[in-house]
Amino acid sequence: QVELVESGGGLVQAGGSLRLSCVGPGRRLSTYTVAWFRQTAGKEREFVSGIAWSNETVFADSVKGRCTIARDTAKNMVVLSMNSLKSEDTAVYYCAARFLGEVTQTSSAYRSWGQGTQVTVSS
């Protein structure tokens with residue numbers, strides 16, 4: 001069973017934008033550090049962005065300047081907004097969470113995961 005649920009993926013043209021949402025039924029995400037990872041077939045999960053329980057944010061070099069991450073506390077949600085999308089952004093995007101702590105780019109540090117949402121960028 002899923003602990004986190006992602007939504008917002010889909011097909012978008014290069015240069016376009018997407019908003020990915022992560023909700024955590026049964027948990028209060030405001031007390032968790034939440035991160036987004038992405039993965040393509042046969043490759044390791046790649047860190048994209050994270051927001052700590054303190055709301056400190058971290059972005060991978062590959063998305064810096066093209067991405068924002070924020071909390072929507074009323075909806076118990078974390079939203080990743082991406083613009084100027086590139087074909088290289090095509091992947092399954094996963095939401096992950098760990099209780100308190102700092103944002104880390106190591107996927108094994110996160111104990112709760114969603115099932116992923118597919119993002120496909122066409123050129």
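**Rings and burial**

Student: What makes Trp113 buried or exposed?

Tutor: Trp113 has a relative accessible area of 17%, and buried means under 20%, exposed over 50% and partly exposed in between, with a 1.4 Å probe and protein chains only; Trp113 is therefore buried. Tyr110, with a relative accessible area of 3%, is buried by that cut-off too.

Student: Which model do these values come from?

Tutor: This is a predicted model, in which local features need pLDDT of at least 70 and side-chain atom pairs count only at pLDDT 80 or more, while totals for chains, interfaces and linings use all residues. Residues are numbered from 1 along each chain as its sequence is written, and side-chain values use heavy atoms, with hydrogens and water left out.

Student: How is a pair of aromatic rings described?

Tutor: It is described by the distance of the centres and the angle of the planes. Rings of Phe, Tyr and Trp (its six-membered ring) pair if their centres lie within 6.5 Å, and planes under 30 degrees apart count as stacked, over 60 as edge-to-face and the rest as tilted. The whole structure holds five aromatic pairs. One of them joins Phe37 and Tyr110, at 5.5 Å centre to centre with 70° between the planes, and is edge-to-face.

Student: Why is the pair of Tyr110 and Trp113 called edge-to-face?

Tutor: The ring centres of Tyr110 and Trp113 are 6.5 Å apart and their planes stand at 75°, so the pair is edge-to-face. Ring pairs link Phe37, Phe47, Tyr110 and Trp113 into a cluster.
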